Amino acid sequence: MPATTAYVGLLLTVASWLATQSPSEEARFMRHISSNVHHLEVGKWWVLFTSGLVVDGVPALLGIAAVAVVLGLAESRWGTVRAFGVFLAGHLLATLITEGSLWLMRLAHLLPGILTRARDVGISYGLVATLGCLLALGGRRARLYGVPALAVLLLGAWTVDQELADAGHVVALFLGVAGSGTRWLRLPDPATPGPLPAA
């Protein structure tokens, strides 16, 4: 699982560096890499990727451990390209959908301008999409119980907290489950050797 190891190492490096910064410097850095409406409007599209370099909302080591387990399992099952394809698609699409919704609400004058600069960082969208995809492609129990349980948990958090990230998690789960139905993920991994020909 070389790609998972490299990504986890990068997350650990960034988390270790942030731990040495003052609270004000950490907040400034988070604002700078946040994939919010304001940054996307002014052309800072690179924040779609930099926002996935930090853990937010939970202790850093807990979030990084979750990435190591979920992404590592996905990489071992699907191969590097597919695993990171699901993770990255979940991260990017969930971000674009949630921030795009805020942008539309602002155009309709339903949203104060301050929320377009709200902080939106973290690894959770990609993590949820990958976990949802793993569960949907898992055994019968994982599909029948795991996916609904995760959906209830995320919808409950959204109902209670009403946070942008909570809405993004629900979107990411939908994307992961939808992605599980694609032929791309159901094909055998080309890097996995097939059965040996009969003698």
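Two rings of Phe, Tyr or Trp (for Trp, its six-membered ring) are paired if their centres lie within 6.5 Å; planes under 30 degrees apart count as stacked, over 60 as edge-to-face and the rest as tilted. Under this rule, Y7, F84 and F87 form one aromatic cluster, and the count comes to 3 aromatic pairs.

The model is predicted, with local features requiring pLDDT of at least 70 and side-chain atom pairs counted only at pLDDT 80 or more, while totals for chains, interfaces and linings use all residues. Residues are numbered from 1 along each chain as its sequence is written, and side-chain values use heavy atoms, with hydrogens and water left out.

A pair of aromatic rings is described by the distance of the centres and the angle of the planes. The rings of Y7 and F84 have centres 6.2 Å apart and planes at 75 degrees, so this pair is edge-to-face. It links distant parts of the chain, since Y7 belongs to helix 1 and F84 to helix 6, 77 residues apart; helices here are DSSP runs (H or I, at least four residues), numbered from the N terminus. Y7 counts as buried at 12% relative accessibility, whereas F84, at 22%, counts as partly exposed. Buried means under 20% relative accessible area, exposed over 50%, and partly exposed in between (1.4 Å probe, protein chains only).

Another edge-to-face pair is formed by W17 and F29, with ring centres 5.1 Å apart and planes at 70 degrees. W17 lies in helix 1 and F29 in helix 2 (residues 23-33), 12 residues apart. W17 is partly exposed at 38% relative accessibility, while F29 is buried at 18%.

A nonpolar core is a set of buried Ala, Val, Leu, Ile, Met, Phe, Trp, Tyr and Cys residues joined through side-chain atoms within 4.5 Å. The largest such core has 18 residues, of which Y7, V67, W78 and I123 touch the most other members. Helix 1 (2-19), helix 5 (60-78), helix 6 (80-107) and helix 7 (124-136) each supply at least two of its residues, and the largest share, 6 residues, comes from helix 5. Apart from this core lies another, of 11 residues, among them V128, L135, V147 and L150.

L185, in helix 10 (residues 183-186), is buried, with a relative accessible area of 7%. Beyond residues up to four places away in sequence, L185 touches several residues, including W78, R82 and C133, where contact means heavy atoms within 4.5 Å.
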